[in-house]
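I opened my notebook to look through this model piece by piece. Come along and check each entry as you read.

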Amino acid sequence: MSKIFDALRKAERSGRKQGGQGNKRFRSPKKSADMKKDIFLQGLDEDFRRSLLTLRNSVDSEMRDKGSRVIMFTSALPGEGKTTIAVFLARMMAANEMEKILLVDCAVRNPQIHRFFGISNKKGILDYLSGEVKLSDIINTIDEGMLDVVTAGVGRDGNISQSLFRSDRMEAYIGEAAENYDYVLIDTSSILNAPETSILGSRTDGIILVVQAGRTKREVIKRAVMSINKQGGKFIGSVLNRKKYYIPEFIYKRV
Ligand SMILES: Nc1ncnc2c1ncn2[C@@H]1O[C@H](COP(=O)(O)OP(=O)(O)OP(=O)(O)O)[C@@H](O)[C@H]1O
Ligand SMILES: [Mg+2]
């Protein structure tokens, strides 16, 4: 873990005053001008912040006219930085206090989002999909209220079968989320290790592939994109992560 990331998480902890299980329902976006700035983002390394801004602007221009803005983050292989990018982008988007953001942890093979926010992972999307809990029971409102987070949860007997992601319940969930939030960002497991990820991708409005620079081979990336296409997912771009050392650098490309 780099120093940068330790600093980010420290800032996260000191900035989290009202996290936890606050919001119990989907809400319409709030447009409050007097909400406090996200203290968390004040701790961001300047290069990292700039890279996030570039990504954010690219996503905005791609999705601007879309009625539904559900974006899935995935990668070909594990550990390329999906969760890191999805979490920080969500925080940045929420920090402008104009858009209501939902971040959902569908990386059910290695759920991590609850750790970033220091919230419980007892009940999450898997529990909702298994019919164990209500929609309102899985929403965590973070800080000033523009960011809601749904963790992965554990589901019934740890079941993470593809059928859950294919289910009508998942489709209805995504539809409702899209109606109630300006952006829905979904973190997932890497596509070549988790067949449920491609299935989920076909239900989203756009897929961003995170690629760790200098690690993932072109052939492997191609296989991941083919897997997305095969299920009917819409690939909207890629992020080149960790371009050099600890300085995160994002390059957004249309392909
Ligand atoms: N740009 C970056 N600079 C420095 N460290 C990074 C960067 N991006 C990710 N990391 C670190 O790399 C590790 C893997 O990142 P992360 O958990 O986001 O990957 P992932 O693709 O979500 O992994 P998984 O496939 O297991 O879900 C973490 O320790 C994270 O802090
Ligand atoms: Mg992850």
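Here are my entries, from the whole chain down to single residues.

**Ground rules.** This is a predicted model, where local features need pLDDT of at least 70, side-chain atom pairs count only at pLDDT 80 or more, and totals for chains, interfaces and linings use all residues. Residues are numbered from 1 along each chain as its sequence is written, while chains are lettered from A and ligands numbered from 1 in the order in which they are written.

**Whole chain.** I looked up the secondary structure and found ten helices and eight strands. Helices (H or I, at least four residues) and strands (E, at least two) are DSSP runs, numbered from the N terminus. Of the 255 residues, 43% count as buried. A residue is buried if 20 or more other C-beta atoms lie within 10 Å of its own, exposed if 12 or fewer, and partly exposed in between, with C-beta atoms placed from the backbone.

**Helices 3 and 4.** I checked how helix 3 (residues 46-63) and helix 4 (residues 82-95) sit: their axes come within 10 Å and cross at roughly 75 degrees. Axes are lines fitted to C-alpha atoms, for helices over the stretch in contact, and angles run from 0 to 180 degrees between N-to-C directions. The two helices are therefore roughly perpendicular (65 to 115 degrees; under 35 is roughly parallel, over 145 roughly antiparallel, the rest oblique). I then listed who meets whom: Leu52, Leu55 and Arg56 from helix 3, and Phe88, Leu89, Met92 and Met93 from helix 4.

**The core.** Which residues have the most contacts inside the largest nonpolar core? I found Leu89, Ala90, Ile101, Leu103, Leu185 and Ile186, in a core of 66 residues. Such a core is a set of buried Ala, Val, Leu, Ile, Met, Phe, Trp, Tyr and Cys residues joined through C-beta atoms within 7 Å. Helix 4 gives the most to this core, with ten residues. Leaving aside neighbours within four places in sequence, Ala90 is in contact (C-beta atoms, placed from the backbone, within 7 Å) with Ile101, Leu103, Leu147 and Leu185.

**Strand 7.** Next I turned to strand 7 (residues 235-241), where five of the seven residues are buried, so the strand is largely enclosed by the rest of the structure. Six bridges join strand 6 (residues 206-212) to strand 7, and the two run parallel. Strands pair if DSSP finds at least two bridges between them. Val210 has Val239 in strand 7 as its bridge partner.

**Val239.** Buried or exposed? Val239 has 28 C-beta neighbours inside 10 Å, so Val239 counts as buried. I also noted that Val239 and Ser51 are 188 residues apart in sequence and 10.0 Å apart in space, C-alpha to C-alpha.

Methods. Contact = placed C-beta atoms within 7 Å.
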